[in-house]
Amino acid sequence: MRCPKCNTALYDYPLDARNTIDLCSQCRGMWLKAGVLAKSCNADQDLPDPSFAYSQSKETRLPCPTCSNPETKLVAFPISNQQRTDIDYCTTCKGIWLDQKELPLIQAELKKAQQNKLKEAPFRRDPNSLELLNYQKLFIRQTGEPFELLGFETRNRYAIYDEQKNTIGFLTEQGKDFGSFLMRQWFGHWRPFDVHILSVSRKLLLTLHQPFRFWFKRIELRDPSGGYIGAIQQRFAILHKYFVIENVQGEVMCEVKSPFFRIWTFAFTRHGIEIAKLTKRFSGLLTELFTDRDNFVIEFKSRKLTEDERRLILAAAVFIDVSYFEQNPD
Ligand SMILES: [Zn+2]
Ligand SMILES: [Zn+2]
């Protein structure tokens with residue numbers, strides 16, 4: 001096999017643990033057989049944008065190192081619309097010729113293209129579950145929509161939306177009996193409360209329960225069969241609103257703090273790093289804070305958060321909202 005540019009014999013060279021290329025010791029160009037680039041980038045194709053490439057392709061006089069027919073010539077085209085460096089390609093065997101220094105350029109474009117594809121890929125939303133791993137941001141909005149399907153009256157109803165404004169689930173605060181009415185009158189947000197988290201099909205997925213306490217508050221998150229997931233525990237702090245989230249083992253999963261002078265932003269931190277954030281929308285202006293107080297946004301900042309950790313963060317956000325932002329509607 002010979003270099004299409006300088007006719008030097010090519011030699012086998014490892015690209016990574018799984019792939020080899022044919023390298024030219026003279027001009028440092030390289031021949032990558034079909035599929036090698038894709039594998040090296042975990043992409044599903046060798047070219048970042050094949051249709052763009054084909055539309056731009058120009059003939060060259062370079063022979064293909066692999067194809068035996070001497071008439072088979074490589075074509076040249078830019079790597080992508082953003083990266084205009086030309087590479088050479090065989091339309092017969094789909095091998096790619098890269099000059100020295102072109103490998104990182106095409107790999108970067110391939111990875112970018114792959115990420116965009118993942119972002120655009122429509123995932124099938126299961127109406128009976130709320131897979132928080134699929135979302136980076138959740139929008140929570142109070143809604144007047146009736147919930148007759150649930151068979152009981154609910155007080156506060158919230159819808160959970162994704163960034164495209166699709167409804168992905170619901171939160172409802174339970175309680176219609178006279179006892180809870182009295183509690184509400186006398187104790188405001190210190191009363192015990194239960195919040196249900198439902199799928200878009202109104203299937204019960206999670207329950208948040210706050211036992212009645214006068215001082216340090218705590219809510220516990222469970223699945224519908226009563227399985228414990230974790231808890232949000234308020235801790236005493238003078239200058240902050242301060243909570244911790246405990247995981248199922250009772251270990252502190254993260255801390256939640258908000259300075260009193262900025263109560264519309266709560267940072268969820270783990271070892272000092274912000275892993276999630278709760279923001280009351282329209283938080284820049286106090287007047288807006290009060291006119292649209294029931295909208296808030298949860299941002300999952302760390303991609304490493306597990307489903308249960310995300311559920312606990314969602315629960316904590318509800319807890320914060322009910323504790324600090326709810327006004328008596330009665
Ligand atoms: Zn060469
Ligand atoms: Zn070829």
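In strand E2, Asp22 is the bridge partner of Asp12. The model is predicted, with local features requiring pLDDT of at least 70 and side-chain atom pairs counting only at pLDDT 80 or more, while totals for chains, interfaces and linings use all residues. Residues are numbered from 1 along each chain as its sequence is written, and chains are lettered from A and ligands numbered from 1 in the order in which they are written.

**Exercise 1.** Work out which strands E2 is joined to, and by how many bridges.

*Solution.* Begin with the terms: strands are DSSP runs (E, at least two residues; helices are H or I, at least four), numbered from the N terminus, and two strands pair if DSSP finds at least two bridges between them. On one hand, E1 and E2 run antiparallel and are joined by five bridges, with a hairpin of five residues leading from E1 to E2. On the other hand, two bridges join E2 to E3, again antiparallel, and here Asp22 stands opposite Trp31. Five residues also lie between E2 and E3 in their hairpin, where Arg28 in the turn has a positive phi of about 65°.

**Exercise 2.** Decide whether strand E2 is mostly covered or mostly open.

*Solution.* A residue counts as buried if 20 or more other C-beta atoms, placed from the backbone, lie within 10 Å of its own, as exposed if 12 or fewer do, and as partly exposed in between. By this rule four of the five residues of E2 (residues 20-24) are buried, and the strand is mostly covered.

**Exercise 3.** Place the strands in the order of the sheet and find its edges.

*Solution.* The seven strands form an open, antiparallel sheet in the order E1-E2-E3-E7-E6-E5-E4. Its edge strands, each pairing on one side only, are E1 (10-14) and E4 (58-63). Between E3 (residues 30-32) and E7 (residues 96-98) there are three bridges, and Met30 stands opposite Leu98.

**Exercise 4.** Identify which residues touch the most other members of the largest nonpolar core.

*Solution.* Such a core is a set of buried Ala, Val, Leu, Ile, Met, Phe, Trp, Tyr and Cys residues joined through C-beta atoms within 7 Å. The largest has 42 residues, and Ala315, Ala316 and Ala317 touch the most other members. Helix H6 (residues 307-325) supplies the largest share, nine residues. Apart from this core lies another, of 26 residues, including Ile21 and Cys24.
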